[in-house]
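Let's take a walk through a protein model together. Please keep the sequence and the coordinates open as you read.

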Amino acid sequence: MKPVLMSAVLVMGAASLAAQGDAVLSGLSWVPHQLETLPHRRPVGTGFLSLPEVNAVWATNWLQPVQWLETNAEGTTLNLNAFVNELHDANQLSAEGRVNWLGFGWAMGNSKRHFISGSAVEVVRASLTLPGDVLRLPFVGNLNASSIAGESLAAQLDHYRRFTLGWQAQWTPRWSSGVRLHHLRGLEHAELRDAELNWSTDDEDFSWEFSGAAAVQTAGLALLMDSMDGNTALERGASAYLKEAGSPGWGVDVGVAFCPNERWVVESSFTGFGRIAWNREVWNARWEADPMAFDGLELGAWALDATALEDSASAQLAQWTEWADAALAAEESAEPFHSTLPGLWLGQIQRRFPNGQSAQFALRHSAPLGTTCSAGATASLGRFMQWNSTYTHGRGVRALGVGFALRFGGLLLHTTVDNVLAARVAQVEWGDERSIWLPLDASRLHVRAGLSWVMGRPRKPLPERRTAPSTRHPGAASSEAARCPDFQ
């Protein structure tokens with residue numbers, strides 16, 4: 001395999017390469033979409049209208065095929081030892097696709113200290129967690145482990161629509177805060193949870209014992225799965241599907257910022273948290289399997305007696321069939337249920353410099369991703385371009401991100417990629433002079449791009465201003481009184 005560094009433009013244009021948080025976007029103050037993680041910030045300008053924006057995410061802590069392959073003169077082979085060694089107790093995959101259909105905002109009041117915003121967003125997210133013991137089983141068997149556990153087995157699919165109304169206020173030159181309320185409409189939900197699978201082996205007589213349980217909850221899937229003609233929303237067309245009412249829910253984003261002086265900003269936010277009350281086309285099922293033991297076949301007096309062997313095998317098969325029938329019998333109900341959307345906590349310190357430059361350091365924490373820290377820098381090229389570069393480090397995360405915003409009059413184009421190192425790919429020889437390309441590191445990929453129409457322009461960056469010399473101390477000069485920029 002030979003590494004090749006591809007253009008970042010190819011990564012930004014590939015829908016399958018997309019994951020890791022909005023670290024870069026937090027540094028692009030021109031982009032109105034940063035309200036998603038910084039609801040207390042007022043976007044640059046007196047108002048905006050955002051056109052559709054695409055946001056795609058992919059994350060995994062184990063599925064890295066290029067790291068399991070070996071290429072030599074005879075071709076490419078799978079290194080099973082590398083595959084087994086890379087497995088974790090819980091092997092996770094997650095993907096998310098998001099389309100911001102519409103967004104708007106405008107400044108209010110005589111002093112323009114209040115800012116109202118709104119948006120409509122479509123979100124589809126899916127995740128899968130596979131137990132390491134189960135993935136290792138076909139390669140190492142069960143003799144090296146007295147117990148094979150599958151408690152980490154889980155899967156989830158969510159599709160919902162979010163309507164948002166936000167309010168940001170600049171209370172004083174030093175304090176600002178913001179809140180965004182979300183009205184959610186859940187369209188589809190499927191979840192596998194509470195898995196309790198176990199296969200234990202006795203070290204002395206190698207007898208087995210199986211046990212297990214699992215629960216499944218679904219809602220809204222009949223809109224996609226009803227086989228009768230004309231019954232599903234999709235069969236009636238995309239317009240009918242998008243008009244489905246769905247199940248109600250709510251969410252909230254909050255944030256606050258403090259400027260001790262015009263150079264420093266300390267801010268914190270909690271975003272993304274919400275709940276959906278699923279009440280349409282609901283199905284709940286739970287399976288509970290009693291322990292099942294297997295200690296070999298009873299062959300009777302003669303091990304080679306064909307009749308005894310056949311009778312023992314039939315008896316064992318009947319016992320297993322009875323156990324499987326009982327295990328597959330589910331307790332079903334149609335009771336409504338709730339699902340929770342995880343929140344993201346962000347704490348950030350920003351240092352502003354002259355000429356539109358700044359540096360940021362941030363901590364983020366969420367239940368799915370754990371805690372990450374990031375450090376970034378932002379610079380502006382007059383009123384035409386703003387760019388940011390951010391490095392993020394955390395649990396399984398080593399990501400260098402870049403992003404930019406370009407202004408063409410009132411039109412603002414922005415693109416961010418939170419892991420440009422994923423652009424490094426490897427050419428894998430596949431025989432007969434054929435080859436495929438795979439990313440060297442596809443653990444976290446995230447790309448987003450969109451357009452906005454912004455009313456008003458950012459102030460032209462100026463050198464650091466100084467006051468007139470002091471009359472009490474001739475020749476001395478002091479910095480302008482500490483205050484936060486006015487965002488206009």
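D202 sits in the loop that joins β10 (198-201) to β11 (208-219); helices (H or I, at least four residues) and strands (E, at least two) are DSSP runs, numbered from the N terminus. Between D202 and S147 there are 8.8 Å from C-alpha to C-alpha, although 55 residues separate them in sequence.

A word on what you are looking at: this is a predicted model, in which local features need pLDDT of at least 70 and side-chain atom pairs count only at pLDDT 80 or more, while totals for chains, interfaces and linings use all residues. Residues are numbered from 1 along each chain as its sequence is written, and side-chain values use heavy atoms, with hydrogens and water left out.

How confident is the predictor? The mean pLDDT of the protein is 79, and 77% of its residues reach 70 or more; pLDDT is the predictor's confidence in each residue, from 0 to 100. Strand β12 (residues 247-258) has the highest confidence, at a mean of 96, and helix α1 (residues 8-13) the lowest, at 28. Over residues 1-21 the pLDDT is below 50, and this stretch has 54 contacts in the model beyond near neighbours in sequence (contact means heavy atoms within 4.5 Å). Residues 464-483 also have pLDDT below 50, with 26 such contacts. Where pLDDT is low, the predicted coordinates should not be read in detail.

Now let's look inside. The largest nonpolar core has 12 residues, among them W30, V31, A405 and L412; a nonpolar core is a set of buried Ala, Val, Leu, Ile, Met, Phe, Trp, Tyr and Cys residues joined through side-chain atoms within 4.5 Å. Leaving out residues up to four places away in sequence, A405 touches W30, V31, F384, M385, Q386, L412, L413 and H414. A second, separate core of 10 residues includes V121, V123, Y160 and L341.

Next comes the surface. A nonpolar patch there includes L51, W101, L102, F104 and L451, and its residues have about 880 Å² of accessible area together. Five residues of this patch come from β5, the largest share. L102 lies in strand β5 and, at 41% relative accessibility, counts as partly exposed. S50, in strand β2, is buried, with a relative accessible area of 4%. Beyond its neighbours within four places in sequence, S50 is in contact with residues including H33, W101, L102 and L451.

Finally, the charges. Side chains of opposite charge can pair when their charged atoms come close. The structure holds 13 salt bridges, each a side-chain nitrogen of Lys or Arg within 4 Å of a carboxyl oxygen of Asp or Glu. D253 pairs with R180, with 3.3 Å between the closest N and O atoms. Because D253 lies in strand β12 and R180 in strand β9 (residues 175-193), this pair ties together parts that are 73 residues apart in sequence. D253 is buried at 2% relative accessibility, and R180 is buried at 5%. R286 forms salt bridges with D194 (3.8 Å, N to O) and with E288 (3.7 Å, N to O). R286 is partly exposed, at 28% relative accessibility.

Terms used: Buried means under 20% relative accessible area, exposed over 50%, partly exposed in between (1.4 Å probe, protein chains only). Patches are made of residues with over 30% relative accessible area and no salt bridge: like charges are joined within 9 Å, nonpolar side chains (Val, Leu, Ile, Met, Phe, Trp, Tyr) within 5 Å. Accessible areas come from the Shrake-Rupley method with a 1.4 Å probe; for residues, only the protein chains shown count as cover.
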